[in-house]
Amino acid sequence: MNEALENMSDADRAEHLRKLIAGEYPDKRGRYGPFGGSYAPETLVTALKRLEQGIHEFLADDELQVELRRELKDWVGRPTALTHARGLSKRWGADVWLKREDLAHTGAHKINNALGQAFLAKKLGAKRVVAETGAGQHGVATAAACARVGIPCTVYMGAVDIERQAPNVDRMYQLGANVVPVTGGDATLRAAIDEAFRNWVADPAETFYLLGSAVGPHPYPWLVQVLQSVIGTEARAQIIEAAGGLPDIAVACVGGGSNAIGLFHPMLADSGIEMLGIEAGGLGPDLGDNSATLAAGKPGVLHGTYSMLLYDADGQIQETHSVSAGLDYPGVGPEHALLKTIGRVTYHSITDDVALDALRECCAFEGILPAIESSHALAGAREWAKENPGKRILIGLSGRGDKDMPTLSKHMSFREAAE
Amino acid sequence: MQLHQKISVALNAATAAGRVGLVPFVTAGYPIKDEFIKVLSEICKDGDVVEVGVPFSDPMADGITIQRSSHSAIEQGVTLNWIIDQLAASDIDTPIVLMSYLNPLLAYGYEALAADAAKAGVCGFIVPDLPWEESEHLRAALETQGLGLVQLVTPATPEDRLEMLCKVSQGFIYAVTVTGVTGGDQSMPAEVVDYLDVVKRHASIPVCAGFGVREPSQVAMLGKHADGVIVGSALLEKIESGEDAAAFLRGLQG
Ligand SMILES: Cc1ncc(COP(=O)(O)O)c(C=O)c1O
């Protein structure tokens, strides 16, 4: 399989891209070329089919779509701003623009997906929502969206993440969510997804699983892409208006890949726009020290999808590391696996320290505290700018960094002590 | 005879003898890696077919007992390669079904897996995260060796789909008794017997009921509506606490 992917002809690559742009992917089997599909336990097969049917009805329901757009405007605060990063532009010798998902209600792009899926859950008559969270941004967004549409929710969160993203745990409680710590497995996002699936398996008829990234069995990667594409659609129009043209490159961080797919997907047909996804390089390139799935992974199956994945020779999923909880995941969405394979998007990784450095630079010169996840995109863009001076760069600033204060305080005081 | 037919034959023999077929499940190498074959031989005394669990890091269809046993086995270095080597070197002649999540099978390589497993005495596979629609590649490899892919049906499976799965399953049909993960200890809902009767009506190979089977009374009840029962978490818990696994299994059959 690996060899077949590496030896893909240019004609095949072009055909895959055409199908992606034309909306022919995911195909009937939920695939993006070789990737994707639905590797779910039998108990969930019927629920997933019902979900897929429900999405089609939801997208065709004009009244509901009008209501969703109204909520995105009045409750989420969309469109989010496109900010000209004057300080960074000067420092990097580039023309830098930030798509400000940090300004969306609850502080990250996650709300676009959470609100849309909460609408869908209501339409499908679900009695409760279950979700997983890593950084807690998806958990907070889900808690808020469920409160808004009036449906109870339970959020699974790894014990390690509960500690490093403490502010978000309290926010979830305040918003009425039931937060369940997960101590099994690696006690981070991956274990939280395992547990959310188990909970869904127990009640597939009345529970709605509100998955937070562009991963999971079909139709989730597609649903999340559709709901997050508002980012790229807005940004594309905004940058044409504000800067007078399209960017030379779009850059976003990639955990499961939802904010990146939301930014990239609506611009795939703009062949003049290069695209760069930034994964978490963690402490460095050694196995287990990072979560750079597309750089170091191979095709495999986890959480219902066939995609790039970090695992060992025996098929056991690799423990990962990233300073950012939201990128600390061994898998990635199947559409990204295809985009990498066909060469439409390039993926790099950025280490913890370099990301934290970019975070400080953004604070100091833009007056914006970005999430550590988003700081990976900033750092990746900065490196690209060094190689490609004078270009127009669009960066997906996926969220704000308030949630990261415990981690930042720890790293700062560690630094000070070291100095 | 195809390897998967050995499974059906063994379960049919239990029926012919007026017994409920017994399919014990153990996670390979749990609780002690070096005692894998000893534990397996012990449960083979009473098992008509045995199910060997390949540990996986993310067992998303399993409850806490199998999560714990899988984690422990991985920590001790149990791998699919090792399991197949151990089985190949043993003289166990009870039909063996390997239960594994898909990724360890992918990592092994389907063709090599089918060849090596067949030589090691494996007769079939159960893959909880591989629904029928995604199983083409694995089946193609297994078929070259006559190995079966056991299909699971659940109370959430609509009847037309259930009928299809009953037709295509090999070895036996795994009728999941509860809507949920393995190892639950809630009492079996009364509707379970009606559901099993539906499965039985569509089945032309033995039907085994599993998930949450713990008590002789459950075995007696399920045995009236299915050909066999699968006992996993409850057995692992006995083994963990050092109780006599064989005696527990015998006790289940009343
Ligand atoms: C601010 C922010 N950015 C990015 C991510 C990564 O997720 P994804 O790759 O799905 O966008 C997260 C996840 O929690 C996040 O909170």
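## The shell around the ligand

By class, the shell around the ligand holds 13 polar, 7 nonpolar and 2 charged residues. Here Ala, Val, Leu, Ile, Met, Phe, Trp, Tyr, Cys and Pro count as nonpolar, Asp, Glu, Lys and Arg as charged, and the others, Gly among them, as polar. The shell comprises 22 residues, and the closest are A:G255, A:S258, A:G326, A:S398 and A:G399. A residue is near a molecule if its C-beta atom, placed from the backbone, lies within 6 Å of it.

Three elements of chain A, namely α7 (137-149), α13 (258-264) and α17 (372-387), each supply at least two residues of this shell. The most come from α13(A), which gives 3 residues. Helices (H or I, at least four residues) and strands (E, at least two) are DSSP runs, numbered from the N terminus.

## Basis of the model

This is a predicted model, in which local features need pLDDT of at least 70 and side-chain atom pairs count only at pLDDT 80 or more, while totals for chains, interfaces and linings use all residues. Residues are numbered from 1 along each chain as its sequence is written, and chains are lettered from A and ligands numbered from 1 in the order in which they are written.

## The contact between chains A and B

Chain A contributes 29 residues to the contact and chain B contributes 30 residues. Two residues are in contact if their C-beta atoms, placed from the backbone, lie within 7 Å. On the side of chain A that touches chain B, the elements giving two or more residues are α3 (42-60), α10 (189-201) and β11 (298-302) of chain A. The most are given by α10(A), with 5 residues. This side of chain A divides into 14 nonpolar, 9 polar and 6 charged residues.

## Backbone features

Most residues other than glycine have a negative phi, and most peptide bonds are trans. The peptide bond from A:Y25 to A:P26 is cis, with omega near -5°; A:P26 lies in the loop between α2 (10-22) and β1 (31-32) of chain A. The loop between β8 (207-209) and α11 (220-228) of chain A holds A:P219.

Although A:T106 is not a glycine, its phi is positive, at about 70°. A:T106 is found in the loop between β4 (95-100) and α6 (110-123) of chain A. Is A:T106 buried or exposed? A:T106 is buried, with 25 other C-beta atoms within 10 Å; a residue is buried at 20 or more such atoms, exposed at 12 or fewer, and partly exposed in between, with C-beta atoms placed from the backbone. Leaving aside neighbours within four places in sequence, A:T106 is in contact with A:I111, A:V140, A:A141 and A:A144. A:T106 and A:A141 are 35 residues apart in sequence, and their C-alpha atoms are 6.0 Å apart in space.

A:A187, also not a glycine, has a positive phi of about 55°. A:A187 sits in the loop between β7 (178-182) and α10 of chain A and is partly exposed, with 18 other C-beta atoms within 10 Å.

## Strand β14 and its partners

Strand β14 (residues 392-397) of chain A is largely enclosed by the rest of the structure, because 5 of its 6 residues are buried. β4(A) pairs with β14(A) in the parallel sense over 6 bridges, and A:V96 stands opposite A:I393 in β14(A). Two strands pair if DSSP finds at least two bridges between them. Strand β9 (residues 249-253) of chain A also pairs with β14(A) in the parallel sense, over 3 bridges. There, A:A250 stands opposite A:L394 in β14(A).
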